[in-house]
Amino acid sequence: MRYADPSASRDLLGNRTLLFIFICAFALVTLLQQILYGRNYIKRGLQFGWQSGDQLANWTGLFNVTDDPAVQSGSDSSSRYFEFYEGPFEYNSTRCLELRHEILEVKVLSMVKQSELFDRWRSLQMCKWAMNISEANQFKSTLSRCCNAPSFLFTTQKNTPLGTKLKYEVDTSGIYHINQEIFRMFPKDMPYYRSQFKKCAVVGNGGILKNSRCGREINSADFVFRSVPRKWLKLSGPQSPHLQDGRKWRNRCADAEDSRAVQICWCNLPPISEKYTMDVGVKTDVVTVNPSIITERFHKLEKWRRPFYRVLQVYENASVLLPAFYNTRNTDVSIRVKYVLDDFESPQAVYYFHPQYLVNVSRYWLSLGVRAKRISTGLILATAALELCEEVHLFGFWAFPMNPSGLYITHHYYDNVKPRPGFHAMPSEIFNFLHLHSRGILRVHTGTCSCC
């Protein structure tokens with residue numbers, strides 16, 4: 001008769017107990033890891049919110065990096081910042097210095113994919129923007145030497161005396177003799193001086209402005225420049241079916257007395273009607289007008305003077321700025337603008353770009369890689385603002401079909417009509433603006449504003 005060894009039974013039971021304890025401990029550790037991971041995930045989600053590429057102050061949703069194509073295409077460094085973000089970061093923090101460097105290290109636009117540029121720019125929005133006084137002063141000093149907006153932005157009696165043979169910007173073989181009549185139209189001197197305004201807003205027409213809610217911030221600026229698109233809006237809305245005939249359209253617009261009816265007919269300058277006010281504001285101190293638009297829509301002001309006057313009244317007392325000496329075709333129609341406003345006793349001033357200033361600004365930006373038949377009016381105004389203002393903010397400047405978050409946007413904030421290809425080099429211009437933003441020279445707004 002055999003007897004079982006009690007010690008062997010105890011060893012077997014002990015091994016099973018140890019195995020069971022080990023399995024339970026492993027499961028408990030795994031469970032704790034999952035709980036901690038989930039808490040961190042939610043915490044990170046509560047710290048992030050992106051709307052049109054900008055950070056929101058209080059956001060209550062989850063932020064899942066893998067669900068955002070724009071973030072998926074981003075660099076590992078950007079994901080690193082997302083993971084530990086507790087911002088907004090201070091301008092001179094270590095992380096912000098690194099984020100700005102990621103944009104500044106891209107010397108030419110062709111060095112990176114568009115998605116990569118968007119990712120770097122969006123990551124930079126985690127940082128507060130601040131003006132770098134030394135960088136800004138150095139840049140403004142360069143502009144002073146090359147361009148000198150406080151003396152040469154406008155054609156004045158001081159910089160263009162009576163009898164001057166003024167050379168056109170483009171038609172360099174053309175000469176305009178400054179006679180007494182035109183001389184009297186010029187201001188005696190530049191109405192603005194260096195660093196006259198503390199904060200300026202330069203407002204473009206890009207679709208990036210749509211739903212931006214930047215109107216209040218634009219209106220809060222001390223001085224506002226608005227640039228006009230090269231082409232006006234097409235007639236749209238309930239009136240268009242009844243105005244298919246060109247003659248009916250022109251007659252109705254020519255006879256219009258009500259300023260709102262005129263706006264519907266012409267839709268010419270950058271619209272600041274109630275429909276767009278929340279995004280683009282209403283304040284305007286200088287608005288540019290393209291003479292080719294006046295030629296096409298108003299028959300060179302030989303007939304339809306009142307409708308043109310009515311449209312300009314939307315901008316109240318804003319000064320009107322025209323490139324009268326860009327080429328020979330622009331001169332007569334630009335001079336007529338002055339006559340029209342004088343005849344209707346409008347308080348609005350009329351100024352003309354000095355052609356040499358435009359030449360110098362084009363050469364300067366060409367040296368920085370902006371190669372185009374003509375630089376945009378927005379770039380010209382931004383360049384001038386950097387000399388006339390202490391701090392410059394850009395709104396509506398974006399040259400890509402998607403916003404920084406990768407969502408498609410319209411070309412303008414009011415329509416999706418594309419410009420003539422090859423005339424401007426808008427992506428190159430915006431690329432330079434992003435560099436200036438990263439250096440603390442000016443601020444580019446591409447997201448939702450939360451002013452006041």
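Student: Hi! Which residue in strand 10 stands opposite Cys200?
Tutor: Cys200 has Val392 of strand 10 across from it. This is a predicted model, where local features need pLDDT of at least 70 and side-chain atom pairs count only at pLDDT 80 or more, while totals for chains, interfaces and linings use all residues. Residues are numbered from 1 along each chain as its sequence is written, and side-chain values use heavy atoms, without hydrogens or water.

Student: How many bridges do strand 5 and strand 10 have, and in which sense do they pair?
Tutor: Six bridges, in the parallel sense, link strand 5 to strand 10 (residues 389-395). Strands here are DSSP E runs of at least two residues, helices H or I runs of at least four, and pairing takes at least two bridges.

Student: And how many bridges join strand 5 to strand 6?
Tutor: Four, and strand 5 and strand 6 (residues 223-226) run parallel. Ala201 stands opposite Val224 of strand 6.

Student: Is strand 5 mostly covered or uncovered?
Tutor: Mostly covered: six of the seven residues in strand 5 (residues 197-203) are buried, meaning under 20% relative accessible area with a 1.4 Å probe, protein chains only.

Student: New topic! At what angle do helix 4 and helix 5 pack?
Tutor: Helix 4 (residues 94-104) and helix 5 (residues 114-124) pack at about 155 degrees, with axes 9 Å apart. Helix 4 and helix 5 are therefore roughly antiparallel, a label for angles over 145 degrees on a 0 to 180 scale between N-to-C directions of C-alpha-fitted axes.

Student: Which residues meet there, from helix 4 and helix 5?
Tutor: Cys96, Leu99, Arg100, Glu102 and Ile103 of helix 4 meet Arg120, Trp121, Ser123 and Leu124 of helix 5, with contact meaning heavy atoms within 4.5 Å.

Terms used:
Parallel < 35°, antiparallel > 145°, perpendicular 65-115°, else oblique. Buried < 20%, exposed > 50% of the residue type's maximum accessible area, 1.4 Å probe, protein only.
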